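Hello,

Here is the structure I promised to pass on.

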Amino acid sequence: MIIQLEPQIKENQLEDLNSKLSAVGYKGNRIRTQYGDYVVSIGKKDFDIRSIGTMPGVRDIHRVSDAYKLVSKKWKVQNTVIDLGDGVRIGAGDLQIMAGPCSIESEEQIETTVQHLVDNDIKIMRGGVYKPRSSPYSFRGLGIPGLRLFHKHCQKHGIKIVTEVMMVEQIKDMIDYIDIFQVGARNSQNFNLLDALGDVDKPVLLKRGISGTLNELLQAAEYIFSNGNERIMLCERGIRSYEGAYRNTFDINAIAMLKEKTHLPVVADPSHGIGVRKFVEPVALASIMAGADALICEVHETPEKAFSDGQQTLSHQEAMGFYNRLRKTWKLKQSF
Ligand code: PEP
Ligand code: MN
């Protein structure tokens with residue numbers, strides 16, 4: 001059950017509310033975010049919720065029976081829009097493309113990518129400076145010095161930055177340089193990290209775990225929301241299955257289902273989703289048709305030379321036609 005409180009709720013009204021909840025066998029958790037003040041209340045008995053809905057200081061009350069509550073569409077019918085400033089919004093009806101290399105490699109690479117994005121009217125650049133790698137001997141990212149360069153060149157052109165944070169301790173060093181914190185698949189249920197990201201007022205792109213269910217993804221998002229941050233996007237990036245012909249099994253079903261279950265924007269990552277350059281485009285187009293609000297994809301001037309994930313990365317040349325077809329598909333979808 002979600003109880004939306006009036007912004008000026010008085011202490012005694014809150015006490016009355018808590019007494020009422022205890023009387024019906026419910027426990028209240030007060031949640032304050034940058035946009036709202038709520039009590040998420042958990043209990044077993046069924047009762048007439050109007051007896052709480054009419055209490056002074058209570059704005060509205062909603063029954064949400066799912067394990068996840070605040071991220072559910074059952075109480076918030078209007079979709080969440082993530083506003084990054086300068087007219088860049090996710091979930092507002094325009095297709096947002098986030099493109100860039102898997103890893104930030106050098107200043108020259110950043111400059112080339114930024115120019116490519118400007119030329120193609122793309123407003124958000126992706127690129128990892130902290131890289132979760134299967135092998136500890138692989139390239140693990142340039143860290144904060146790389147992020148500073150990333151920020152310097154993006155800022156000049158009004159390009160927003162999405163990049164992965166791997167540890168709670170990195171948040172404070174990254175926050176001034178980034179526009180979206182990415183939580184990678186491997187950290188999708190790192191609850192300490194999720195809690196910490198609930199404490200900051202920067203959007204979070206939360207990826208689905210490598211073998212995460214939708215319920216787990218939504219409950220991971222609930223950690224961020226319930227710790228104070230409503231600015232969350234969910235990302236389908238493929239899951240581990242028995243199929244070995246491609247890197248991951250991109251779960252197109254998840255996109256359609258998530259759009260039904262949650263008010264949060266859904267982002268598709270076809271690059272990691274299939275892991276094979278040649279098939280990134282068809283999977284991306286299908287994601288749009290399934291309802292994705294945005295796309296994140298890996299591009300590189302020379303993918304063969306990329307420090308990571310070159311096999312699933314489009315060249316800048318290839319990406320130009322790709323963006324056009326994404327935009328055409330988006331228009332087609334809007335016309336339905
Ligand atoms: C990435 O975006 O480069 C990445 C490491 O993604 P994931 O966490 O989905 O594997
Ligand atoms: Mn990658």
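Arginine 50 is exposed, at a relative accessible area of 60%. Its salt-bridge partner is aspartate 48, with the closest N and O atoms 3.0 Å apart, and aspartate 48 is partly exposed at 41%. Please keep in mind that this is a predicted model.

In one, arginine 247 forms a salt bridge with aspartate 309, where the closest N and O atoms are 3.1 Å apart. Arginine 247 sits in the loop between β12 (232–236) and α8 (252–261), whereas aspartate 309 is in the loop between β14 (294–300) and β15 (314–315), so the two are 62 residues apart. With a relative accessibility of 34%, arginine 247 is partly exposed, while aspartate 309, at 14%, is buried.

In the other, lysine 259 forms a salt bridge with aspartate 293, and the closest N and O atoms are 2.8 Å apart. Lysine 259 belongs to helix α8 and aspartate 293 to the loop between α10 (277–290) and β14, so this pair ties together parts that are 34 residues apart in sequence. Are these two residues buried or exposed? Aspartate 293 has a relative accessibility of 11% and counts as buried; lysine 259, at 16%, is buried as well.

There is also a network of salt bridges, which links Arg208, Glu236 and Asp251. The count for the model comes to 16 salt bridges.

Now for the nonpolar side. In soluble globular proteins, nonpolar side chains tend to be buried together. Here the largest nonpolar core has 72 residues, and those touching the most other members are Met125, Phe181, Leu197, Leu206, Leu234, Tyr323 and Leu326. Helix α7 (residues 214–226) supplies the largest share of this core, with seven residues. Both domain 1 (2–62) and domain 2 (82–334) contribute, each with at least three residues.

Happy to talk it through whenever you like.

Best wishes

Conventions: Residues numbered from 1 in each chain as written. Chains lettered and ligands numbered in written order. Predicted model: local features only at pLDDT ≥ 70, side-chain atom pairs only at ≥ 80, totals over all residues. Heavy atoms only, no water. Core = buried A, V, L, I, M, F, W, Y, C linked by side-chain atoms within 4.5 Å. Buried < 20%, exposed > 50% of the residue type's maximum accessible area, 1.4 Å probe, protein only. Helix = DSSP H or I, 4+ residues; strand = E, 2+ residues; numbered from the N terminus. Domains from an automatic or database assignment. Salt bridge = Lys/Arg side-chain N within 4 Å of Asp/Glu carboxyl O.
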